[in-house]
Amino acid sequence: MICRGRLVSRRLGLRLLPVIVALAMALPGLSAADLLEQTQPLRTALHKDPTLDAPLDRLVDAWRSAGRIQELIGVYTEHLATYPEDHHATVVLIRLELAAGDPAAMSATEAAVAAYPDDAYVWYLRSRSLSAARDGGSLDALDKAVTLETAPWRKRTWAERLVDEALKSGRPELARRRR
């Protein structure tokens, strides 16, 4: 019975999530503590699966509209100072830095691929950070991500992106290999 109640409250919480985020965005005077409390469901979702797009987008929107995106990055940076092995928090931090256009994403992705060399998503984030810096190594990082990825839908999406970018960048051999 209690489990059922939790399930109902979780479903209700997820339905109310857009309302909570809208409230956070409508009240720019919110403190960081208020934002942390109101965006807890989003951060929890990302803790379970740091590759989810919707919770990250909503989290970034809430903190950015309050003018506090760097504080959110600080929250994850502090968390990782205490728990440096938290792989999911590392991925979320990198995604936040990329969303904020923070140059720290470059060194963060470099450290992440060293720490998690078999993680396809970390290699994908590395390709995005290199691409943002207009570094030619972005295609090689994306190629590595495609090679490591096991989810067919993500592998296909990334491979299609790789082929397009390889052809635009004058690397037809890379495009041919991924067709």
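I looked up the largest nonpolar core and found 27 residues, with I94, Y121, V122, Y124, L125, W158 and L162 having the most contacts inside it. A nonpolar core is here a set of buried Ala, Val, Leu, Ile, Met, Phe, Trp, Tyr and Cys residues joined through side-chain atoms within 4.5 Å, and buried means under 20% relative accessible area with a 1.4 Å probe, protein chains only. I note that α6 (87-100), α7 (104-115), α8, α9 (138-148), α10 and α11 (172-178) each supply at least two residues of this core; helices are DSSP runs of H or I with at least four residues, numbered from the N terminus. The most comes from α8, with 7 residues.

The model is predicted: local features need pLDDT of at least 70 and side-chain atom pairs pLDDT 80 or more, while totals for chains, interfaces and linings use all residues. Residues are numbered from 1 along each chain, and side-chain values use heavy atoms, without hydrogens and water.

I next examined V122, which, leaving aside neighbours within four places in sequence, is in contact (heavy atoms within 4.5 Å) with H87, V91, A112, V113 and Y116. I also recorded a second, separate core of 19 residues, including L30, L59, A62 and V92.

I then turned to helix packing. Helices α8 (residues 120-132) and α10 (residues 152-168) pack at about 25°, with axes 13 Å apart; axes are lines fitted to C-alpha atoms over the stretch in contact, and angles run from 0 to 180 degrees between N-to-C directions. The two helices are therefore roughly parallel, the term for angles under 35 degrees. On the α8 side A120, Y121, Y124 and R128 meet R154, W158 and R161 of α10.

How values were computed. Angles under 35 degrees count as roughly parallel, over 145 as roughly antiparallel, 65 to 115 as roughly perpendicular and the rest as oblique. Buried means under 20% relative accessible area, exposed over 50%, partly exposed in between (1.4 Å probe, protein chains only).
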